[in-house]
Amino acid sequence: MQIVVLDAKPLDVGDMDWAPLRALGEVTLHPNSMPDEVAARIENAAAIFTNKVKVGAREMDAAPGLKFIGVLATGYDVVDVKAARERNITVCNVPGYGTNFVAQTTIALLLELCHQAGAHDAAIRDGQWQKEGAFSFWNAPLIDLDGKTLVIIGLGAIGRRVARIAQSLGMKVIAAQLPGREKQDDEFARLPLEEALTQADVVSLHCPLTEQTRAIINAQTLQVMKPSALLINTARGLLVNDEDLAFALREGQIAGYAADVLSQEPPPDNHRLLHAPNCILTPHYSWASPQSRQRLLNMAVENLRLFLTGVPQNVVNPSVKGSSIQKDKD
């Protein structure tokens, strides 16, 4: 069986063990794949893996023997799942592999907005504390989170982990109820999205990118937030309308934004948020601790192994008819 990994980097920077995947078939690892390279690279594959390389109907049609697409991530918007379903191709993702580290990054970004530790370090090295002369110095507002309200948009495993850490900091947590989503009994209070946003001191995004959530943060939703509110995004860059957010930051409609994701990755030099005030950006590394990456790879391989046995897990297009491929065949 031929197995193709379309973008092994940055999952593997030389520290991952691919032996369990190689035990399932003949594996070809590509560090990355450009859009016009995908069809040729997968034409003889029975199973493929992708992280950020898009796989649509055209690419699937170029691979008549393709039966399995493994997404090396939790979000699976890079795969046209409708086209896969129509072609009886099973698509599996990897939920939960990086829950703790993504939550840790979320809180780190929030605390950086509240403490501006990097900016104060730079100020010391620039001599500003020395010029001040006092034993204590700060050049930006310091924000105490105790008693503040955190609104979580997307209360899955990561959102819940963030919510519980926030509670330990003394924050009140509200889950935003998205339009069209089924209401759930929960340990956290739920309010309709815009009502929740009016109460938020901090908003943290953890929902998947869908047509319903694309640009969920936009001019309308930003206008109902407090001028003192902070926004955190460790989910997907396209959950935010960049132009609307940059305007809101410039005009003081909200107090700050911190994100580990952008609408374009890496960003062009003229990306609007690179030059927005009160904006902290990190390079999409909230998933990338060594422990998280190896866990991701192990779970992705297990997805394929179980698919081969006829009992697939983590299937994101479950209406696909039961089918399997033989691992001892090319």
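**Why the terms apply: loops, cores and helices**

Mentor: Pro 266 sits in the loop between β11 and β12. Helices (H or I, at least four residues) and strands (E, at least two) are DSSP runs numbered from the N terminus. The model is predicted, so local features need pLDDT of at least 70 and side-chain atom pairs count only at pLDDT 80 or more, while totals for chains, interfaces and linings use all residues. Residues are numbered from 1 along each chain as its sequence is written, and side-chain values use heavy atoms, with hydrogens and water left out.

Trainee: What kind of peptide bond leads from Glu 265 to Pro 266?

Mentor: The bond is cis, with omega near -5°. The bond from Lys 9 to Pro 10 is also cis, with omega near 15°. Pro 10 is placed in the loop between β1 (2-5) and α1 (19-22).

Trainee: Why is Gln 264 called partly exposed?

Mentor: Buried means under 20% relative accessible area, exposed means over 50%, and partly exposed is in between, using a 1.4 Å probe and protein chains only. Gln 264 has a relative accessible area of 43%, so the residue is partly exposed. Gln 264 lies in the loop between β11 and β12 (279-281). Its C-alpha atom is separated by 30 Å from that of Ile 143, 121 residues apart along the chain.

Trainee: What makes the phi of Asn 278 worth a remark?

Mentor: Phi of Asn 278 is near 55°, a positive value in a residue other than glycine. Asn 278 is in the loop between β11 and β12. With a relative accessible area of 48%, Asn 278 is therefore partly exposed.

Trainee: Which class does His 284 fall into, buried or exposed?

Mentor: The relative accessibility of His 284 is 19%, so the residue counts as buried. His 284 has a positive phi of about 50° although it is not a glycine. Its place is the loop between β12 and α12.

Trainee: Why is Asn 303 called buried?

Mentor: The relative accessible area of Asn 303 is 1%, so the residue is buried. Asn 303 belongs to helix α12 (residues 290-309).

Trainee: Which residues does Asn 303 touch, not counting residues up to four places away in sequence?

Mentor: Contact means heavy atoms within 4.5 Å. Asn 303 touches Phe 68, Cys 92, Asn 93, Val 94, Gln 313 and Asn 314.

Trainee: What makes a group of residues a nonpolar core?

Mentor: A nonpolar core is a set of buried Ala, Val, Leu, Ile, Met, Phe, Trp, Tyr and Cys residues joined through side-chain atoms within 4.5 Å. The largest nonpolar core here has 34 residues, of which Ile 153, Val 203, Leu 245 and Tyr 257 touch the most other members. At least two residues of this core come from each of β6 (149-153), β7 (172-177), α9 (193-199), β9 (202-205), α11 (242-251) and β11 (256-259). The largest share, 4 residues, is from α11. Apart from this core lies another, of 26 residues, among them Ala 8, Phe 68, Leu 296 and Leu 297.

Trainee: Which residues is Val 203 in contact with, leaving aside its neighbours within four places in sequence?

Mentor: The contacts of Val 203 are Leu 150, Val 151, Ile 153, Leu 197, Met 225, Leu 230, Leu 231 and Ile 232.

Trainee: How do you know that Phe 247 is partly exposed?

Mentor: Phe 247 has a relative accessible area of 39%, so the residue is partly exposed. Phe 247 is in helix α11.

Trainee: Why are α5 and α8 called oblique to each other?

Mentor: Axes are lines fitted to C-alpha atoms, for helices over the stretch in contact, and angles run from 0 to 180 degrees between N-to-C directions. Angles under 35 degrees count as roughly parallel, over 145 as roughly antiparallel, 65 to 115 as roughly perpendicular and the rest as oblique. Helix α5 (residues 99-115) and helix α8 (residues 157-168) pack at an angle of about 50°, with their axes 9 Å apart. The two helices are therefore oblique to each other.

Trainee: Which residues of α5 and α8 meet?

Mentor: From α5 there are Thr 99, Asn 100, Val 102, Ala 103, Thr 106 and Ile 107, and these meet Ala 157, Ile 158, Arg 161, Val 162 and Ile 165 of α8.
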